Amino acid sequence: MLKGSFYLILCTLFSLANSVSAFAEQISVVTEDAYPLQYERANKVKGPATELLTAMLDRAELSYTLEVFPWPRAYKAALNQRNTLIYSIAKTPLREDKFKWVGKIISLDYYLFGLNSLEVESSDSIESLKKYKIGTVRDSAIHEYFQNNNFEHIQIVSYPEQNINMLQNHRIELFPANIASFKISCKKLEFNCAGIVPLYKLDAPSTELYFAFSKNTDDAIVEKVKKAYQDVYRLKPVNIMVEDEGYPEEVSHIN
C-alpha cells in the first residue's frame with residue numbers, strides 16, 4: 001500500500017516538474033516586416049498584431065525572443081524549430097496539419113493589383129489570368145493559392161514591396177495585396193503608386209491570419225497561450241487600426 005502511494009506521488013511530482021519546465025522554457029517568436037500589421041522601426045517590432053502578441057504572451061507569463069525575418073525564413077523556422085510561434089500566418093488547408101493554431105488576428109481580402117492600363121475585368125475567370133506574369137512572396141498563402149490553381153508565370157520575391165518595383169519596371173503585370181496595406185505601404189515607403197490599382201478580387205480562402213506554433217511545440221505551452229489569447233480578447237476586443245503620418249485607417253476587426 002505504501003509502495004503504491006509512493007509511486008503515485010513520484011508520478012505526480014514528475015508530471016508537475018515537466019509542466020513547470022515547459023512554462024519556464026523560453027519560446028522563439030518569428031515574424032516578417034509586413035506593414036502595417038507588424039513592422040520593425042528603431043530596432044523595435046511594432047504594429048497592432050505585435051501589440052496583441054505582447055499582451056497574450058505577458059498574460060501567459062512566458063519569456064520569449066522576437067525576431068523579424070523575410071517571410072520564407074520565418075516560415076521555415078516555424079516549420080522546423082521547437083517551441084516557435086509565428087505570426088501573422090494565413091490558415092490554409094495545406095497548412096492545417098503543419099502547425100498548432102492559437103487564434104485569429106485578422107481577416108483580409110486580397111486583390112490582384114496592376115497598372116490601370118491593363119485590361120483585366122472583375123468578371124474575368126481565374127483561367128484568363130494565368131497568361132499574366134504575377135509577383136508573389138515565396139511560401140505565402142497566396143503563393144500556395146497560385147500553385148494549387150496551376151499558375152505558371154509566377155515571379156517569386158522575398159518582400160511584398162519588391163512587387164511594386166517589379167511592376168513599375170515591367171517585370172511583372174500583377175501582384176496580390178490587401179487594399180489598406182498597399183495604400184499605407186506606398187506612403188510609408190514613399191513609392192509613387194499612381195496608376196497602380198486593384199483590378200481583380202481573389203476568391204482565395206486563405207485570408208484569415210493567425211498566431212501559430214510549430215508542430216513540435218510542447219502542448220502545455222500551446223494550451224497556456226491559447227487560454228491567454230482568449231482572455232486578452234474577452235477583456236478587450238481589438239480593432240486593428242493603422243496610423244500613418246497621423247491619418248488613422250481601419251483595416252479590419254479581430255473576430
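**Exercise 1.** In this predicted model, does Y200 count as buried or exposed, and why?

*Solution.* Begin with the location: Y200 belongs to strand β11, which covers residues 196-201. The relative accessibility of Y200 is 9%. Buried means under 20%. Y200 therefore counts as buried.

**Exercise 2.** Determine which parts of the chain surround Y200.

*Solution.* Leaving aside residues up to four places away in sequence, Y200 touches a set of residues that includes Y110, Y111, L112, V120 and L129. Take Y111 next: 89 residues separate Y111 from Y200 in sequence, yet their C-alpha atoms are 5.4 Å apart in space. Finally, consider D124, another residue that Y200 touches. A polar atom of the Y200 side chain lies 2.8 Å from the backbone oxygen of D124.

**Exercise 3.** Describe the open sheet of 5 strands and the helices that contact it.

*Solution.* First, the strand order is β4-β1-β5-β12-β6, with mixed pairing. Second, β4 (64-68) and β6 (99-107) each have a single partner strand, so they stand at the edges and one side of each lacks a neighbour in the sheet. Third, the twist from one strand to the next averages 25 degrees. Lastly, helix α3 (residues 71-80) lies across β1, β5, β6 and β12, at about 130 degrees to β5.

Technical notes
Residues are numbered from 1 along each chain as its sequence is written. This is a predicted model: local features need pLDDT of at least 70, side-chain atom pairs count only at pLDDT 80 or more; totals for chains, interfaces and linings use all residues. Side-chain values use heavy atoms; hydrogens and water are left out. Helices (H or I, at least four residues) and strands (E, at least two) are DSSP runs, numbered from the N terminus. Buried means under 20% relative accessible area, exposed over 50%, partly exposed in between (1.4 Å probe, protein chains only). Contact means heavy atoms within 4.5 Å. A polar contact is a pair of N or O atoms within 3.5 Å; within protein, one must be able to donate a hydrogen and the other to accept it, and residues adjacent in sequence count only if both atoms are side-chain atoms. Two strands pair if DSSP finds at least two bridges between them. Axes are lines fitted to C-alpha atoms, for helices over the stretch in contact, and angles run from 0 to 180 degrees between N-to-C directions.
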